[in-house]
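Load the model in a viewer and keep the selection panel open. The stops below are taken in turn, each with something to select.

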Amino acid sequence: MRKLFILFGFIFTTLLLAQEKEKPLVLHLKINDVIDPRTNRYSELGLEKAVELNADYVILELDTYGGALNDADDIRTRILNFDRPIYTYINKDAASAGALISIACDSIYMAKGSSIGAATVVTQDGAAAPDKYQSYMRSIMRSTAEAKGRDPRMAEAMVDEDIELDSIATEGKILTLSTSEAIKFGFCEAEVSSIDDIMKRSGVEDYDIEEFKLGATEKIIALFLNPFVSGILILIIIGGIYFELQTPGVGFPILASLVAIILYFVPNYLNGLAENWEIILFIVGIILIGLEVFVIPGFGVAGILGLICTLGSLVLVMLNNDMFDFSFVADQQIFISVTTVLAGMLGAIVVMFFGGARLLNSNVFKRIALQDVQDKDMGYTSTFYKEKSLVGKKGTAYTRLRPSGKIEIDGEIYDAFTRGNFIDEGADVEVISDEGTSLKVKEA
């Protein structure tokens with residue numbers, strides 16, 4: 001009798017544990033747009049979420065005509081390296097980059113009337129890309145199909161119109177498969193109408209499903225990718241630097257500029273648009289402008305190069321180019337990027353001219369900035385040349401004065417400036433004032 005109770009208790013406990021066992025979890029990802037840095041990041045965050053939730057299955061619902069090859073390759077690699085089942089649900093189209101992503105998944109399911117294929121690489125005007133891109137696409141389509149046990153020649157025929165397959169693909173036409181054809185040739189497991197159909201065919205009747213959606217942080221990042229917001233950030237960047245140079249030491253203009261720089265670059269960097277070299281180009285531009293303002297007299301090569309680097313970086317960051325290769329960047333996107341930067345720069349100029357004076361004279365600004373001055377008519381003077389006066393001394397122009405530069409007196413080099421006229425290098429000059437940090441000179 002005692003043994004019978006023990007056996008009954010064991011059976012009851014086993015049944016209870018079986019009932020309490022958690023249902024399989026399915027994470028649902030949806031890509032219904034072009035393949036670009038945004039969808040690339042979406043897929044990355046989605047698979048990270050699957051690991052975090054310990055999801056048993058991932059279903060990637062696709063409806064796309066393709067997009068950027070480099071982003072599609074990133075998604076493909078990420079799927080191949082994922083250690084849990086990933087099923088593709090083609091809910092209309094999986095063309096070009098979409099076909100590559102589908103073939104990388106463990107199983108492919110298609111809705112009625114869907115298609116997969118047409119993976120030739122094209123430029124933004126619809127023309128076939130150079131052969132180096134086609135060759136790369138053929139190789140990754142072939143290797144991906146091999147990795148998942150699918151026919152590599154058929155995958156390659158989706159890219160190369162010169163491949164002829166008996167009764168499947170004719171020479172001169174890119175291979176595209178309908179749902180029934182994809183099932184026939186092993187590129188689709190079955191025709192389905194819902195995710196529930198997919199799970200039932202996988203032997204899973206009872207499961208929990210969660211749709212992956214971007215969090216608040218990602219939505220904020222997407223907000224700062226809006227061209228209008230980017231234009232405002234550029235205005236703050238340029239305006240902040242200008243006002244800081246006009247009122248050095250105040251702090252808040254440059255702080256606002258730094259915050260705007262972070263908000264401009266970080267979202268683009270996280271979405272794969274901003275490359276390291278583009279950020280470095282911006283930093284180099286700022287350094288060149290700083291050298292022109294504080295070190296090199298006048299406005300010359302350093303200042304012009306600095307502006308080109310800075311503005312060029314702001315434009316390039318918004319474009320998905322590959323080291324100045326714009327083959328796969330739409331003309332419209334280039335226009336939007338250039339227009340956004342120019343609008344921000346013009347807006348900053350308008351603020352400088354019309355808002356600068358009001359800001360400097362406002363009560364708020366007077367509270368944080370020193371307003372007292374030490375005028376000359378009150379007896380205040382300053383000079384770096386206290387040991388002896390250099391007024392009346394004669395020397396030569398060490399560099400061209402335009403109107404500032406350097407002069408040489410008795411073998412020593414001094415900073416100097418004229419009354420507005422230019423003096424050529426090597427010309428004789430005479431000091432007429434030595435107040436301040438630079439000597440005021442005239443041509444002797």
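Start with H2, strand S2 (57–64) and helix H3 (69–80): each of these elements supplies at least two residues of the lining of the largest cavity. The coordinates are those of a predicted model. To see the lining itself, select Leu29, Ser43, Leu47, Val58, Leu60, Ile75, Ile79 and Ile86. Seven of these lining residues are nonpolar, one is polar and none is charged. The space in the largest cavity is about 40 Å³, and the structure holds one cavity of 30 Å³ or more.

Stay on helix H2, residues 37–53, and pick tyrosine 42. Phenylalanine 212 sits in the loop between strand S8 (208–211) and helix H9 (216–224), so the pair ties together parts that are 170 residues apart in sequence. Are the two partners buried or exposed? Tyrosine 42 has a relative accessibility of 12%, which means that it counts as buried because the limit is under 20%. Phenylalanine 212, at 10%, is buried by that limit too.

The count of aromatic pairs comes to five. For another ring selection, take Tyr57, Tyr87 and Tyr109, which ring pairs link into a cluster.

Next, select helix H4, residues 97–104. How many of its eight residues are buried? Eight of the eight are, so helix H4 is largely enclosed by the rest of the structure. The buried residues in H4 are Ala97, Gly98, Ala99, Leu100, Ile101, Ser102, Ile103 and Ala104.

Now zoom out to the whole protein chain. Its secondary structure comprises 15 helices and 13 strands. Of its 444 residues, 40% count as buried. Among contacts in the chain with a separation of 6 or more, 62% are between residues 24 or more positions apart.

Move on to the second largest pocket, which has a volume of about 460 Å³. Select Ile238, Ile241, Ile289, Leu307 and Met352, which lie nearest the centre of this pocket out of 19 lining residues. Which elements give two or more residues to the lining? They are helix H10 (227–246), helix H12 (276–294), helix H13 (301–316) and helix H14 (331–360). Colouring the lining of the second largest pocket by residue class gives 16 nonpolar residues, two polar and one charged.

The last stop is asparagine 268, in helix H11 (residues 252–270). Its relative accessibility is 3%, so asparagine 268 counts as buried. Show the backbone of tyrosine 264 as well: its oxygen lies 2.7 Å from a polar atom of the asparagine 268 side chain. Leaving aside residues up to four places away in sequence, asparagine 268 touches Leu225, Leu273, Ala274, Val317 and Met318. Display those residues together with asparagine 268 to view the contacts at this site.

Methods: Residues numbered from 1 in each chain as written. Predicted model: local features only at pLDDT ≥ 70, side-chain atom pairs only at ≥ 80, totals over all residues. Heavy atoms only, no water. Phe/Tyr/Trp six-rings, centres within 6.5 Å; stacked < 30°, edge-to-face > 60°. Helix = DSSP H or I, 4+ residues; strand = E, 2+ residues; numbered from the N terminus. Buried < 20%, exposed > 50% of the residue type's maximum accessible area, 1.4 Å probe, protein only. 1 Å grid on protein atoms, 1.4 Å probe; cavity = no way out; pocket = protein on both sides within 12 Å on 5 of 7 lines; lining within 4 Å. Points joined across faces, edges and corners; volume = space filled by probe spheres on them. Nonpolar A, V, L, I, M, F, W, Y, C, P; charged D, E, K, R; others polar. Polar contact = N/O pair within 3.5 Å; in protein donor to acceptor, adjacent residues only side chain to side chain. Contact = heavy atoms within 4.5 Å.
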